[in-house]
Amino acid sequence: MHRPRKEMIAETRAKLIAAARHAFGTIGYAEASMDDFTASAGLTRGALYHHFGDKKGLLQAVIAEIDAEMAARVNEVAARAPTRWQHFVDECTAYIEMALEPEIQRIMFRDGPAVLGDPAQWPNANGCVASMTDNLTRLQQDGVVVADLDPETTARLINGASSQASQRIANSQDPEATSKMAVAAFKQLLEGLLKKTDRQPN
């Protein structure tokens with residue numbers, strides 16, 4: 001039975017991404033060989049070049065896939081929060097805490113920035129900032145956070161802080177201890193956004 005070209009292309013891309021994700025997550029980007037993961041996917045280098053351009057393009061595709069999964073998980077955690085403010089806090093801290101997971105740690109927070117540069121410039125960053133800006137705008141409208149802050153600027157600063165916290169955890173000799181310190185400091189930063197009457201007691 002003849003399969004649609006679109007379906008075959010999607011399958012080829014998925015095979016390459018899965019093989020590369022396994023290699024990048026276990027031995028790292030630098031050590032991963034294009035021949036190794038094209039062979040494990042049962043494909044050729046030509047297929048990789050055609051769909052992703054090069055190894056760096058494949059890393060970008062792997063990161064996009066992991067990032068989408070992280071966003072879904074973060075949303076699931078935040079959805080259980082009893083208030084909009086707690087939803088916002090949980091959304092941010094859940095992302096940082098994922099830096100403890102070996103695959104995410106290596107691909108998203110070590111090799112990703114080393115190969116692709118500043119995460120703030122990655123394609124997915126704008127969507128994250130836009131979502132955070134929307135949340136902050138609503139919190140301002142609800143009278144929860146201070147009114148004299150620009151939501152987008154604040155969102156970009158928070159996004160940068162969460163990225164730095166995650167990278168620090170991923171590169172730490174003791175990720176567990178670093179995660180606890182980073183999350184505590186990050187929550188303290190967020191507390192500064194609240195109107196004084198809404199600040200949590202110490």
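Predicted model: local features only at pLDDT ≥ 70, side-chain atom pairs only at ≥ 80, totals over all residues.

**Entry 1: helix 3**

I started with helix 3, residues 45–52, and asked which of its residues are buried. I found Ala47, Leu48, His51 and Phe52. They sit on the same side of helix 3, because they cover an arc of only 100 degrees around the axis. Next I looked up what covers these buried residues: the cover includes helix 1 (5–26), helix 2 (34–40) and helix 4 (55–78). I also checked what comes after helix 3, and it is Gly53, with a positive phi near 85 degrees.

**Entry 2: helix 4 against helix 5**

Two packed helices are described by the angle between their axes and the distance between the axes, so I looked up both. For helix 4 and helix 5 (residues 84–97), the axes come within 8 Å and cross at roughly 140 degrees. Angles over 145 degrees would count as roughly antiparallel, so this pair goes down as oblique. I noted the crossing of helix 4 and helix 5 as right-handed.

Who meets whom here? From helix 4 I listed Met70, Val74, Asn75, Val77 and Ala78, and from helix 5 His87, Asp90, Glu91, Ala94 and Tyr95. Sorting the residues of this contact gave me six nonpolar, two polar and two charged.

**Entry 3: helix 4 against helix 6**

Then I turned to helix 6, residues 102–116, which packs on helix 4 at about 135 degrees with the axes 11 Å apart. That angle makes helix 4 oblique to helix 6. Is the crossing of helix 4 and helix 6 left-handed or right-handed? I have it as left-handed.

The contact list is written down in part. On the helix 4 side it includes Leu59, Ile63, Ile66, Met70 and Arg73, and on the helix 6 side Ile104, Ile107, Met108, Phe109 and Val115. The residues of this contact divide into eleven nonpolar, two polar and five charged. I see Met70 of helix 4 in the contact with helix 5 and again in the contact with helix 6.

**Entry 4: Phe186**

Buried or exposed? Phe186 is buried, because its relative accessible area is 3%, and the cut-off for buried is under 20%.

I then looked up its contacts, leaving aside neighbours within four places in sequence: Cys92, Thr93, Ile96, Ile158, Ala161 and Ser162. I also checked Arg156, which is 30 residues from Phe186 along the chain, and their C-alpha atoms are separated by 14 Å.

How values were computed:
Residues numbered from 1 in each chain as written. Heavy atoms only, no water. Buried < 20%, exposed > 50% of the residue type's maximum accessible area, 1.4 Å probe, protein only. Helix = DSSP H or I, 4+ residues; strand = E, 2+ residues; numbered from the N terminus. Arc of directions from axis to C-beta. Contact = heavy atoms within 4.5 Å. Axes fitted to C-alpha atoms, helices over the stretch in contact; angles between N-to-C directions. Parallel < 35°, antiparallel > 145°, perpendicular 65-115°, else oblique. Left-handed = near helix turned anticlockwise from the far one by under 90°. Nonpolar A, V, L, I, M, F, W, Y, C, P; charged D, E, K, R; others polar.
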